[in-house]
Structure formats: C-alpha cells, structure tokens
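Colleague: I would like to learn how to read a few features of a protein model. Can you take me through them one at a time?

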Amino acid sequence: MKLYNSLTNQKETFTPLSAGKVSMYHCGPTVYDYVHIGNLRSFLLADFVRRVFEYQGYAVTQVMNITDIGHLVSDGDDGDDKMTKALKREGKDITLENMLALADFYANAFKNNLQELNIETPHFIPKASEHIDEDIKIIKQLETKGYTYITSDGVYFDTAKMADYGKLGGINNGNNENRIAENTEKKQSADFALWKFDNNQGWDSPWGQGFPGWHIECSGMGIKYLGEQFDIHTGGIDLKSIHHNNEIAQSESATGCSPFVSYWLHGEMLNFRGEKLSKSTGGNITLAVLKDQDFSPLDYRYLTLQTHYRSPMEFSFEILEQAKNALARIKKDILRLKKENPDTKIIDIKNHSYQKEFLEKIQDDINIPQALAVFHEMMKSDISDNEKLSLAYDFDHIFGLGLEQLHEETFAVPDRVHELLDERANARKNKNWELSDTLRDAIVQEGYRVIDSGDKQEIQKL
Ligand code: AMP
Ligand code: ZN
C-alpha cells in the first residue's frame, strides 16, 4: 500500500505503527452553518481512506472532530470567532449556551449528510467543547517546557523554540507585514494562539477565562482517542500550511514524540467557477441544494470517485448531471444482471484478474478514478454475469454506491415501459402533444401512471 505523504512529498509504502491496525484522524467541520459540498469532498476522502484499508483487512479506528468553538474566521489569530459570527447572523444573543445549541443543530445536519453520502460513521466524532481539559493539559506541558508566552489576548506558541517548525511547508515565517500589523505582541508572525482570553464567555483556565485555539483542539482530541502518535491524518490542502503545521508543532513539543503522525494526506479543493468553494466566495452549495435540483447525494459521491483526491476538481451542475446519468446506467446494468440471473450465487472473486487490478489501483495512493476504470472495463468484458455481479459488489466496498442493496422496486419497471417513457420524453421535447398523450395511454396499458413534473416524468404503479 502506497500513500503520498505530505511530510516527505513523495509516495511511501505504508507501515502501520501497530501491525494490522490503522489509526486515523480527520479534520472535521466547523459547525457554524451547513457544510458545503467542498467540505464534503474532504469527508469523502476520509471515507475512501478508511474503506481502502478495511478492504485489505486492517482494523481501522477513525476520529473526526467537530469544531464547535474556537475557530476564528482567519487562519491566524485575528477576527471574529466563526461561531460568534453565526450567532450574530441568526440574531441570537452571544452566550456559550446559544453557541453550543447552534453547533448541535449544524452538527446533526452534518451527521445526516454523512449518512446520505454512505460515509461510514467514524468511530469517534468528538466535539471540541467537550475536550477543554485535554487542551489545557497540552498547553500546560508546553508552558513547562518553555514553548509559550503570554500576550494581552492569549497564550501563544513560540515557533522560534522549535527547530523544525513548519515540516509540512508553506509557512510564511516573518515577512507578513499585515499580520505583524494586526498583532504587534507576537514574537514571530507564525506564532499562534493556544488559548484566547475572553472576559464574557468561555472556560476557566490557569491563564484566565477564554477559549482554546482551533489548532490545539485537534491535538487534544487526536491524542486522547489515538495516542501521542498515530498513523494517518487527513484534511483539505488549505489546512496544511498553518493548521497542520501548528498541530505538529504543539503535539511534538508537548509529548516529545516525533513524528506526531506518520502519514499526512491532503485532499485538493473542490472549485466552483474557478475558485475554491467556500462560504465567503458565495458558492455555498450544500447537499440540500443538490437535492432540490433532483440530484441524489450518491450522484455527488459518484462524481467524486472520478477525480483523484490530490487533483483539484471543478464542480458544475453539468458534470453532476453527467455523473448522475453514469450512475443511473451502472444501476440499470446491475439490476439487469440481478434480474436476468435471479439465482446468481455470489462467488469468491479474490485473486480474480480484475480484482487484482482493482486492488493495485487502490493501493497506489488510493487511485479511485483508475479503480473505477477497472470496474467499467470489467462490466463491459465478456466474463460471466456471475463474476460481474460478484466483482461489482466487491468493488463497491470502496465506491460505496450501495449496489448490493439496490431494490427490486427500482427495476420493477419493465423495459417496455422505459422505452415508452423515452419515446414520450422525445415527443414532449418536440412539442408533439398528441403523440405524448398516446404514449401516456400506452404506458397506462402496461400498468403505470405517468406524472409530469417539470421536464421530468415520474411513474407510479397503478
Ligand atoms: P472547515 O469547516 O472550514 O474547518 O473545513 C472542514 C474541511 O473541509 C477541512 O478539511 C477543509 O480543508 C475542507 N474544505 C473546505 N473547503 C473545501 C473545498 N472547497 N474543497 C475541498 N475541501 C474543502
Ligand atoms: Zn484539524
């Protein structure tokens, strides 16, 4: 198994800390709003990584945090807290109680999204607000070892004290005039807050009331559930230079164990109209928006299978439509195979030549697009239906499209009715209403009612 490790900038053979086991941490959402499909791309990556290891028989432990406090709008230490901003947006009083209630609401919506996308539920989904003691413990360790200093607004990590600060690269060390102008008390621009003071809200700490910094939260929860060192950490590439370098700095300095994480995997961005999809760029496309436009969450999942996680992906509704059609064709093929071979016994396909090829692809830095190509080739090949279904179900342990669970109802509609529906769609496109009505009657004769909804035809069994 090979993974591209952001620590070394190369593909490396995966060696777990403990044989047969994989421990992984994924930066989860800041729950100040519904997550958008860009965020979801990063959570799908987490799911693919888990599935690829489980497919190979590893016992995986997965942690995905929920940031419900302490995440400022900037990656630095300035600006509003994202949760405070959300309370203002929703016209609520700025209290800790309201903040946690708002977070709970969006955290539940996020968990629903995971289910809708067939993302396996991580074994631990800890909330930052419930792990303040863990954060304080690490900050105390850092303080004892001389890595911290205090300013008027918080406790800071002194990056100059760590010889190899910024292992993941991309650090802007020292020349950021703006940031220096924003916080003149910082010794270096790369220094970051471990604890931020807040006289109105927050938790008690040895340094005063306030909130943990965003970065320390991930160290606190990662170490609590996975130990001082673990195998894999994932997140979007936008988190690499600041958030993840800071996680490494504070964790390794506090525990004395290096490396904190053996393999860092960074997912590329989902872009919309050429820019990273984010709330601030206005491209706030959520799963609900897709569903409103008649897409299923799995259409989006299928779309993400087509681009390698280290390549940026340009989103448009047109390509989602293509993904939707491709998925519909796959389902149709699978259902036909099921229907034509009702007695098909699922056979052991381990070591089948297509399975070996598939395994090679997913072992090569989780190359799901190529694994998908193997799937398509296999479906077109002249191997037996039995082999096809068995291989499709097996590959779907990674794809997560629910192929094995496709229901009878979905394909209860006979081919003849599908043909009539296609003809009728054409007739309607050509505004041939007479033919459209005749075809409607023909469909009724087959035992189905057609309901026109916009451009689409829905059918019900009579
Ligand atoms: P946040 O809620 O901002 O902390 O982000 C949660 C996760 O979504 C992080 O791993 C981010 O890197 C990731 N993320 C944010 N925007 C995008 C995007 N446009 N494409 C892919 N991943 C993203
Ligand atoms: Zn994180």
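Modeller: Start with helix packing. An axis is a line fitted to the C-alpha atoms of the stretch in contact, and the angle between two axes runs from 0 to 180 degrees between N-to-C directions. Keep in mind that this model is predicted.

Colleague: At what angle do helix α10 and helix α12 pack, and how far apart are their axes?

Modeller: Helix α10 covers residues 317-340 and helix α12 covers residues 368-380. Their angle is about 40°, and the axes are 12 Å apart. Angles under 35 degrees count as roughly parallel and 65 to 115 as roughly perpendicular. So α10 is oblique to α12. The crossing is left-handed.

Colleague: Which residues make that contact?

Modeller: From α10 come Ile330, Asp333, Ile334 and Leu337. From α12 come Phe375, His376 and Met379. By class, five are nonpolar, one is polar and one is charged.

Colleague: Now helix α15 and helix α16. At what angle do they pack?

Modeller: About 165°, with the axes 8 Å apart. Angles over 145 degrees count as roughly antiparallel. That makes α15 roughly antiparallel to α16. This crossing is left-handed too. On the α15 side, the contact includes Val417, Leu420 and Leu421. On the α16 side, Trp433, Leu435 and Leu439 are among the residues involved. The contact residues divide into nine nonpolar, one polar and four charged.

Colleague: What should I look for in the backbone?

Modeller: Look for exceptions. Most residues other than glycine have a negative phi, and most peptide bonds are trans. Asn118 has a positive phi, near 60°. Asn118 lies in the loop between α3 (96-116) and α4 (132-144).

Colleague: Where is a cis peptide bond found?

Modeller: Between Ser258 and Pro259, with omega about 0°. Pro259 is in the loop between α7 and β10 (261-267).

Colleague: Last, the overall layout. Into which domains is the protein divided?

Modeller: Domain 1 is 2-267, domain 2 is 272-405 and domain 3 is 415-461. Taken over C-alpha atoms, the centres of domain 1 and domain 3 are 53 Å apart.

Methods
Residues are numbered from 1 along each chain as its sequence is written. Chains are lettered from A and ligands numbered from 1 in the order in which they are written. This is a predicted model: local features need pLDDT of at least 70, side-chain atom pairs count only at pLDDT 80 or more; totals for chains, interfaces and linings use all residues. Side-chain values use heavy atoms; hydrogens and water are left out. Helices (H or I, at least four residues) and strands (E, at least two) are DSSP runs, numbered from the N terminus. A crossing is left-handed if the near helix is turned anticlockwise from the far one by less than a right angle, and right-handed if clockwise. Contact means heavy atoms within 4.5 Å. Ala, Val, Leu, Ile, Met, Phe, Trp, Tyr, Cys and Pro count as nonpolar, Asp, Glu, Lys and Arg as charged, and the others, Gly among them, as polar. Domain bounds come from an automatic or database domain assignment.
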